[in-house]
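I am opening a notebook on this structure and will write down what I looked up, entry by entry. Each term gets its cut-offs where I use it.

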Amino acid sequence: MSIIRISIYILLMTGSLAIAIFLFVSRGTSSTVEFDASGSDISYNPTKSSSICLFENNAEKCLYLTSLDILLRCTPIKNVGYSDVFDTDCINFGLRIEFDSNGRGCVLFGDSKGKCYDGIMLPEFDFAGKPTLIWVKFDKGFLSVDQDGILAGYLSSFREISVKKVIVGNGFDGSRSYPGTIDVLNFHIIAHKYMPPRLLFGKSIRGIVSIVFFMIHLVAVGLLIVEMKNRPEIKTVE
Amino acid sequence: MSRLFTPKNLQDSPFAVTLPFLVGIGSCLILSVYCLASGIAVIYSIPISLAISIISFVVSMQFGKINFYFSVYKKYAFEFLIGVSLSVSCIFFAAHGEQQQPLRVGIDGIGYAITSKYLHDGGTLDALEKSIENETSIHDRSAIAQNQLSINFNHNISAEFLLKSRRWYPALLAALAQCTGTKTVWDLQFAVLCIPLFGLFGISVHLFRIMLQINPYVSIFASLAIILNCNFLNVLCEGQHAQIFSAPFLCVLFNQWIVSRNERAKFEWSIFLDREIYFSAFAFAVSISAYPEIILVATAVLFCGKILDVCIFLWTRSKFPIERNFLFAAFLGIIIAMPLTITLPKFYTAQVHNLQKEGGFWQPQWAAPIEIVGLKNMYTVPEPIYIGRNIEDKVISYTISIIIFEFFIIFMFKKNKNDMSVFLASPIFVILMYIKVAIVSQINNYEYMKAYTILIVPIMIAYLGAMIAIFNNLRLQLIISSGLLCWSSVVGIQYLSDYRKDSFRTNPGNCQKSFNELGVMQGEYIWILIAPGLSPISYAAGINMNILNLGWSNQNVLPALDMKVGFILNSVNSGLLKLNPEYKVLYHDRDIIFYSTGKTLRKWLSVNQIKTLNAESVSSPSEMTEVSNKIYTEFIHNVDNKN
């Protein structure tokens with residue numbers, strides 16, 4: 001019976017801690033920010049403006065990307081030099097996709113301090129003056145980039161991607177400008193603010209339940225120690 | 001020789017069966033270091049080592065101690081068999097059953113092979129400095145050690161290991177390669193690591209038995225779990241050979257530290273005849289010669305241990321351990337490795353300064369205890385990127401990690417207070433390293449990974465002690481410990497299997513052979529890389545590579561003006577390009593093609609461009625890019641025109 005009790009205590013100890021952590025790390029929905037510009041006619045023309053801002057966050061100190069869906073129709077001029085079709089900021093505060101003159105693209109992630117930490121190289125795009133559809137999707141830690149309906153590159157990352165603003169058009173300086181046209185066919189972004197459950201003031205039921213389960217876990221650990229102390233001790237082999 | 005050295009505490013231990021191998025390879029390294037420092041070819045370390053071994057053998061015979069090993073091997077035959085099979089199978093399986101280093105993300109394996117080849121071909125430290133000085137027109141020795149100045153890729157890498165990092169482990173590889181007649185070192189260097197793996201297995205079995213007093217078979221399981229720990233295997237497979245080589249010697253030092261804690265407080269002159277001291281000094285000298293950084297970690301752990309000792313002394317007023325013999329042995333170790341250690345103060349100053357800078361590359365996670373002890377493999381993505389955790393991963397990892405932590409706290413309360421600092425020092429150092437890297441410096445998690453992989457044995461001892469401490473029943477202890485350790489080993493085997501699938505093989509030896517048959521001289525060509533990834537660089541382990549478009553700053557193109565221009569292409573790309581038939585194929589395999597254009601760099605450039613190069617002794621990065629781009633564009637243009 002003792003072995004059964006020990007097994008129950010171990011299960012209780014592990015299960016209650018797992019539930020407590022699940023409740024603690026899963027986020028609330030109150031801090032989600034959603035923006036949808038699908039269907040609106042947004043186009044970038046270098047002769048009219050330097051860039052267009054699709055999304056900007058000034059209210060929160062830091063927002064993290066939950067999901068992103070952007071469909072662009074790019075019509076660049078061939079051999080234009082280094083070009084940024086899709087840029088979040090002069091410093092990389094989120095996701096940035098760049099294309100060089102050879103059509104090679106890369107997707108770069110930045111953190112909340114603007115430091116680029118990660119990226120994937122995409123195969124060569126053929127920008128021979130013809131319109132090209134670029135579809136960027138990010139959901140559940142999986143980023144993919146399609147070109148004309150064909151998967152061009154993907155990256156699986158569960159790291160939090162901060163997103164401050166999303167700009168399409170002129171790159172971050174004159175030497176890397178984009179002198180073509182871009183039509184934004186679809187733009188949908190969901191971002192969230194990272195907020196652990198508020199534990200101290202009991203404003204969050206989730207936080208209280210998390211603490212309760214953690215207490216159950218501690219009790220189970222205590223019961224296991226007591227159970228082991230009550231068992232006759234058998235010395236280990238030297 | 002090992003018999004003469006072996007301290008009393010290790011004589012009747014499973015570690016004794018691995019000692020002859022470790023002492024042999026360790027003494028060979030120290031002799032290679034002396035040869036390297038004095039400018040003698042490293043091959044001479046082998047006959048000197050053999051002579052010392054023969055003299056030691058005769059002396060052992062004289063004292064009638066030679067039968068000792070027969071009795072030890074007889075007693076620990078099972079451990080010996082398991083240790084040898086495990087270390088050989090790990091290497092054999094990871095290397096695709098060939099005598100080669102697999103490649104995936106890490107480039108250190110290539111670096112060790114390049115550096116060893118340089119020494120193997122008769123290179124010396126002075127010659128290396130002079131070559132770089134000639135190639136760069138820079139006369140500052142510290143600037144030469146910083147590498148990336150010469151256009152010769154091999155010289156840059158050799159300078160990185162020999163002059164900057166001061167890791168002289170390649171000297172041993174070069175000596176062994178010369179001794180065995182291997183030409184590239186590439187074929188040999190991964191196989192050599194069987195010996196330190198075997199040694200690590202032996203010392204782990206010994207440490208588990210003396211520190212936890214566990215069942216002998218569980219100690220074997222635990223040592224298996226250390227060798228098959230996926231973080232440790234990742235260090236091995238990603239080419240960090242100096243760390244693997246020095247791992248058993250660091251564990252020996254850890255063992256000697258524990259032994260020296262019980263020494264008598266009163267000083268006696270007889271300690272100078274104590275084998276413990278000379279053996280510790282030897283282990284210290286080998287560790288510092290192979291991997292100087294390891295001594296920084298050892299010192300930091302010792303420091304953590306002493307602070308804990310002070311706290312425990314203030315708490316319990318019990319005996320304060322003074323590791324006088326151990327410290328004396330460390331001093332003696334510094335003297336033994338004097339040719340290297342006199343150059344280290346400057347290196348250590350630079351290393352401590354560099355701790356604030358980002359080095360290495362991202363590991364997929366900030367490893368939680370569950371990953372550190374090998375219960376979970378975090379290297380599922382064959383890329384040097386940080387992945388982060390999804391919600392399921394967070395719940396599983398944090399739950400198990402918190403339970404491990406809680407059990408460790410319980411273990412510490414149960415433990416004799418005098419021993420607490422030995423168990424606590426390494427985990428505390430790893431926690432401090434995490435705080436330093438993640439919170440203070442906010443750099444990538446490479447240094448953190450280094451901390452827990454270097455201290456894998458003390459951490460695993462603390463972990464296993466924690467997991468069985470709560471159960472005072474032998475049967476439960478056996479079930480829990482064997483279950484956890486078997487699971488870690490299964491995860492490690494799975495890691496090896498995944499690594500086999502992800503890694504690729506290159507063959508610098510075949511490339512060198514092909515060049516020799518065609519009469520291509522080493523250093524005759526300047527190469528332009530048109531093949532992305534690690535594969536072109538790995539061929540530098542077999543041939544001398546002057547690379548024009550490596551992208552490093554301030555490389556001097558001038559000495560390469562009369563070199564022939566060659567292209568290194570990905571085999572797939574070359575099929576698409578329809579290459580000019582005038583361009584001669586020097587070597588090709590399934591990954592790569594080496595083309596010769598037949599023209600010198602001078603002929604590819606215009607007079608004005610050469611004048612610009614002459615105007616400044618060292619070309620700027622933009623000029624170099626311009627030159628390589630021009631050649632690349634003309635190359636493609638020629639290809640288009642002629643096909």
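**Entry 1: strands of chain A**

I took helices (H or I, at least four residues) and strands (E, at least two) as DSSP runs, numbered from the N terminus. I was reading a predicted model, in which local features need pLDDT of at least 70, side-chain atom pairs count only at pLDDT 80 or more, and totals for chains, interfaces and linings use all residues. Residues are numbered from 1 along each chain as its sequence is written, while chains are lettered from A and ligands numbered from 1 in the order in which they are written.

I then followed strand 4 (residues 64-75) of chain A, which runs antiparallel to strand 9 (residues 132-139) of chain A and is joined to strand 9 by 8 bridges; strands count as paired if DSSP finds at least two bridges between them. Strand 4 of chain A also pairs with strand 13 (residues 181-192) of chain A, in the antiparallel sense and over 11 bridges. For A:Leu72 I found the bridge partner A:Val184 in strand 13 of chain A.

For chain A as a whole I wrote down 2 helices and 13 strands. Of its 238 residues, 30% count as buried, where buried asks for 20 or more other C-beta atoms within 10 Å of the residue's own, exposed for 12 or fewer, and partly exposed lies in between, with C-beta atoms placed from the backbone.

**Entry 2: chain B and its sheet**

In chain B I listed 33 helices and 5 strands, and 51% of the 643 residues of chain B count as buried. I looked up contacts next, which require C-beta atoms, placed from the backbone, within 7 Å. Among contacts in chain B between residues at least 6 apart in sequence, 77% join residues at least 24 apart.

The 5 strands of chain B make an open sheet of mixed pairing, in the order 2-1-3-5-4. Strand 2 and strand 4 (584-588) of chain B are at the edges with a single partner strand each, so one side of each has no neighbour in the sheet. Strand 1 (residues 525-530) of chain B runs parallel to strand 2 of chain B, with 2 bridges between them, and B:Trp527 has B:Ile547 in strand 2 as its bridge partner.

**Entry 3: two covered helices**

Which helices of chain B cover the buried residues of helix 7 of chain B? I found that they include helix 3 (19-37), helix 10, helix 11, helix 12 (189-192), helix 16 (241-260) and helix 29 (535-538) of chain B. Helix 7 of chain B is largely enclosed by the rest of the structure, because 12 of its 13 residues are buried. After helix 7 of chain B comes B:Gly122, with a positive phi near 100 degrees.

Helix 10 of chain B is mostly covered as well, with 10 of its 12 residues buried, among them B:Phe153, B:Phe161 and B:Leu162. The cover over the buried residues of helix 10 of chain B includes helix 7 (108-120), helix 8 (125-136) and strand 2 (546-547) of chain B. Helix 10 of chain B is followed by B:Arg166, which has a positive phi near 55 degrees.

**Entry 4: cores**

The largest nonpolar core has 205 residues, and B:Tyr169, B:Ala171, B:Leu173, B:Ile227 and B:Met460 have the most contacts inside it; such a core is a set of buried Ala, Val, Leu, Ile, Met, Phe, Trp, Tyr and Cys residues joined through C-beta atoms within 7 Å. A second, separate core of 20 residues includes A:Leu63, A:Leu143, A:Val145 and A:Ile189.

**Entry 5: where the chains meet**

I noted that 24 residues of chain B are in contact with 26 residues of chain A. On the side of chain B that touches chain A, helix 23 (391-414) and helix 27 (474-502) of chain B each supply at least two residues, and helix 23 of chain B gives the largest share, 9 residues.

**Entry 6: confidence**

Chain B has a mean pLDDT of 84, and 87% of its residues reach 70 or more; pLDDT is the predictor's confidence in each residue, from 0 to 100. Among the elements of chain B, helix 33 (residues 621-642) has the lowest mean pLDDT (57). Over residues 615-622 of chain B pLDDT stays under 50. Where pLDDT is low, the predicted coordinates should not be read in detail.
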